[in-house]
Amino acid sequence: MDESRRDRDAEGRARNARPRDGLGRPLPYGTPGVERQPEGVVRSPDETVREAQRLLDAGMPFHAHEVFEDAWKSGPEAERELWRGLAQMAVGLTHSARGNAAGGARLLRRGAAAVADFRDAEPYGIGVDRLVDWARELAGRVDPPGPGSGAADTGAGDAGTGGARVVDAAAEAPRLRSGGRAGG
């Protein structure tokens with residue numbers, strides 16, 4: 001493939017066709033990668049939770065975020081913040097596993113804040129209380145608050161790529177439904 005041209009989908013929109021690894025990082029053309037999640041799939045909430053859990057358990061939080069993103073974009077307005085927050089937590093785990101401590105912690109905390117309003121409802125059996133606790137605890141471990149940390153940083157940059165705080169995405173994957181482990 002000519003790498004100087006932009007990849008386009010059937011509608012002509014720019015789409016990167018490079019293969020990806022399990023954490024969503026692009027690989028060189030021609031390298032075997034992990035199959036990508038199809039975009040725009042409308043699933044029931046139960047199907048969304050099951051598919052996202054399968055991907056999280058497999059150490060593929062980037063792919064789980066895409067499942068949550070589909071629910072966020074296609075679901076009822078009243079649930080969008082729930083699915084958006086779950087997507088942010090999955091991306092936070094992705095960044096933490098890639099070694100981006102500040103970015104990972106920031107997204108874990110943002111996702112926890114987004115879903116916190118759903119604590120009393122436990123929608124679709126999702127253990128919101130435990131997920132919020134898991135996200136905040138993991139954020140504190142990968143990027144503890146203090147001088148030089150990204151914990152107080154509200155910018156959109158990806159600073160803080162220290163490799164010392166890389167986590168194993170599968171080992172740290174949370175249980176989405178109540179009754180399972182909260183994390184790692």
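Hi everyone, let's start with confidence: the mean pLDDT of this protein is 84, and 78% of its residues reach 70 or more. pLDDT is the predictor's confidence in each residue, on a scale from 0 to 100. This is a predicted model, and local features need pLDDT of at least 70, side-chain atom pairs count only at pLDDT 80 or more, while totals for chains, interfaces and linings use all residues. Residues are numbered from 1 along each chain as its sequence is written, and side-chain values use heavy atoms, with hydrogens and water left out.

One stretch needs care. Over residues 151-164 pLDDT stays under 50, and the model has 21 contacts beyond four places in sequence for these residues. A contact here means heavy atoms within 4.5 Å. Where pLDDT is low, the predicted coordinates should not be read in detail.

Now the overall picture. How many helices and strands does the protein have? There are six helices and zero strands, so the pattern along the sequence reads α-α-α-α-α-α. Helices are DSSP runs of H or I with at least four residues, strands are runs of E with at least two, and both are numbered from the N terminus.

Of the 184 residues in the protein, 45% are buried. Buried means under 20% relative accessible area, exposed means over 50%, and partly exposed is in between, using a 1.4 Å probe and protein chains only. The accessible surface comes to about 9,300 Å², and 50% of that belongs to carbon and sulfur atoms. Those areas come from the Shrake-Rupley method with a 1.4 Å probe, and for residues only the protein chains shown count as cover. Among contacts between residues at least 6 apart in sequence, 60% join residues at least 24 apart.

H1 has 13 residues and reaches 18 Å from its first C-alpha to its last, close to the 18 Å expected at 1.5 Å a residue. The expected span is 1.5 Å times one less than the number of residues. The buried residues of H1 include Thr 48, Val 49, Leu 55 and Leu 56, and its buried residues pack against H2, H3 and helix H6 (169-172). Is Glu 51 buried or exposed? At 19% relative accessibility, Glu 51 counts as buried. Leaving aside neighbours within four places in sequence, Glu 51 is in contact with Gln 37, Arg 43 and Val 67. Just after H1, Gly 59 takes a positive phi of about 75°.

Next comes helix H3. Its 19 residues should span 27 Å at 1.5 Å a residue, and its end C-alpha atoms are 27 Å apart, which agrees. H3 is mostly covered, with 15 of its 19 residues buried. After H3 comes Gly 99, with a positive phi near 95°.

The structure holds two aromatic pairs. Rings of Phe, Tyr and Trp (for Trp, the six-membered ring) pair if their centres lie within 6.5 Å; planes under 30 degrees apart count as stacked, over 60 as edge-to-face, and the rest as tilted. Phe 68 and Trp 83 have ring centres 6.3 Å apart and planes at 25°, so this pair is stacked. Phe 68 lies in helix H2 (residues 61-74) and Trp 83 in helix H3 (residues 80-98), so the pair ties together parts that are 15 residues apart in sequence. Trp 83 and Tyr 124 have ring centres 6.0 Å apart and planes at 25°, so they are stacked as well. Tyr 124 is in the loop between helix H4 (101-115) and helix H5 (128-142), 41 residues from Trp 83. Together, Phe 68, Trp 83 and Tyr 124 form one aromatic cluster.

How covered are they? Phe 68 is buried. Trp 83 counts as buried at 2% relative accessibility, whereas Tyr 124, at 29%, counts as partly exposed.

Finally, look at Leu 108 in helix H4. At 0% relative accessibility, Leu 108 counts as buried. Its contacts beyond four places in sequence include Met 89, Leu 93, Trp 134 and Leu 138.
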